[in-house]
Amino acid sequence: MDRAELSITVHRTGDEAVLRLAGEIDMLTAAQLSTVVNEVLADPPPRIVLDLAGVTFCDSQGLGTLVVLSRKASHTQCLLMLTNVGDFLIRVLDITGLRSALMIRNEATP
């Protein structure tokens, strides 16, 4: 069985930090995501954008981590926003009722 992997690249601009995620957000990688977001929150920008275009899988641990990180960000007056959320993840968020707990900004591709 292959070990799940998640790569995260961070790009900071004046008012936001964009984290591009690629791979799986699950019980094996959720702590890695938390660590990176917590590092960004040490000097919080007004907005953190999690670009999920490269995410291929997200389990319940990953979903819980996204909600916890969103709440943690709001405590520092920072908005955590998800973008490029795949159809599979949108469906899971709808089914679990978590969509309303997260800020999602999907832009239409031209």
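Of the 110 residues of the chain, 42% are buried, that is, under 20% relative accessible area with a 1.4 Å probe, protein chains only. The model is predicted: local features need pLDDT of at least 70, side-chain atom pairs count only at pLDDT 80 or more, and totals for chains, interfaces and linings use all residues. Residues are numbered from 1 along each chain as its sequence is written, and side-chain values use heavy atoms, without hydrogens and water.

Three helices and five strands make up the secondary structure, as DSSP runs (helices H or I, at least four residues; strands E, at least two). Their order from the N terminus is β-β-α-β-α-β-α-β. The C-alpha trace spans about 40 × 30 × 30 Å along its principal axes.

Beyond its neighbours within four places in sequence, Leu21 is in contact (heavy atoms within 4.5 Å) with residues including Leu33, Leu50 and Leu52.

Disulfides, defined as pairs of cysteine sulfur atoms within 2.5 Å, number zero. The sulfur of Cys58 lies 19 Å from that of Cys78, the nearest cysteine sulfur; that distance is too far for a bond.

| Cysteine | Relative accessible area |
|---|---|
| Cys58 | 9%, buried |
| Cys78 | 4%, buried |

Terms used
Buried < 20%, exposed > 50% of the residue type's maximum accessible area, 1.4 Å probe, protein only.
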